[in-house]
Amino acid sequence: VVDPYDSGRFVVDELMLRGWPIVAVRSNSQVRESLNSTWDPSAFERTIVHSGDVLGTARSLREGLKRPIAVVAGSEPGAELADALAEVLSLRGNGTALSRCRRDKFFMQER
């Protein structure tokens with residue numbers, strides 16, 4: 001789950017109820033306090049902090065005991081990274097062609 005903050009914690013709760021192992025991917029280490037206050041690292045098998053290198057983050061995800069089967073955005077700031085990781089990992093997803101539109105409503109309207 002990329003940026004599992006705010007309402008994204010409900011996605012995490014649902015995955016936990018279903019018994020899925022979860023890895024948190026934080027799109028960066030600097031998170032607004034309002035979002036950081038909703039962060040609970042105990043829900044995750046591990047946490048990866050993205051450093052700007054999508055291939056490197058994908059490699060880190062593959063290094064776990066289990067192969068990732070899905071990448072989802074836990075909150076709006078993680079949408080572009082979730083799209084990119086799903087694409088690089090050859091997982092089902094939105095693709096990256098319209099990622100900017102999902103993140104920026106101006107571009108969504110312009111499309």
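What percentage of the contacts in the protein with a separation of 6 or more is accounted for by residues 24 or more positions apart? The share is 46%. The legends below refer to a predicted model.

**View 1. Overall arrangement of secondary structure in the predicted model.** The protein contains six helices and two strands, which follow one another along the sequence in the pattern α-β-α-β-α-α-α-α. Of its 111 residues, 35% count as buried.

**View 2. Helix α3 and its buried residues.** Helix α3 spans residues 54-62, and its buried residues are Gly 56, Thr 57, Ala 58 and Leu 61. The elements that cover these buried residues include strands β1 (23-26) and β2 (46-49), together with helix α4 (79-88).

**View 3. The N-terminal end of α3, capped by Asp 53.** A side-chain oxygen of Asp 53 lies 3.2 Å from the backbone nitrogen of Leu 55.

**View 4. Packing of α3 against α4.** Two packed helices are described by the angle between their axes and the distance between the axes. For α3 and α4, the angle is about 65° and the axes are 10 Å apart. Angles of 65 to 115 degrees count as roughly perpendicular, and α3 and α4 are therefore roughly perpendicular to each other. Their crossing is right-handed.

**View 5. Residues at the contact of α3 with α4.** From α3, Val 54, Leu 55, Thr 57, Ala 58, Leu 61 and Arg 62 take part. Their counterparts in α4 are Leu 81, Ala 84, Leu 85 and Val 88. Among the α3 residues in this contact, Thr 57, Ala 58 and Leu 61 are also buried.

Methods: Residues are numbered from 1 along each chain as its sequence is written. This is a predicted model: local features need pLDDT of at least 70, side-chain atom pairs count only at pLDDT 80 or more; totals for chains, interfaces and linings use all residues. Side-chain values use heavy atoms; hydrogens and water are left out. Buried means under 20% relative accessible area, exposed over 50%, partly exposed in between (1.4 Å probe, protein chains only). Helices (H or I, at least four residues) and strands (E, at least two) are DSSP runs, numbered from the N terminus. Contact means heavy atoms within 4.5 Å. A polar contact is a pair of N or O atoms within 3.5 Å; within protein, one must be able to donate a hydrogen and the other to accept it, and residues adjacent in sequence count only if both atoms are side-chain atoms. Axes are lines fitted to C-alpha atoms, for helices over the stretch in contact, and angles run from 0 to 180 degrees between N-to-C directions. Angles under 35 degrees count as roughly parallel, over 145 as roughly antiparallel, 65 to 115 as roughly perpendicular and the rest as oblique. A crossing is left-handed if the near helix is turned anticlockwise from the far one by less than a right angle, and right-handed if clockwise.
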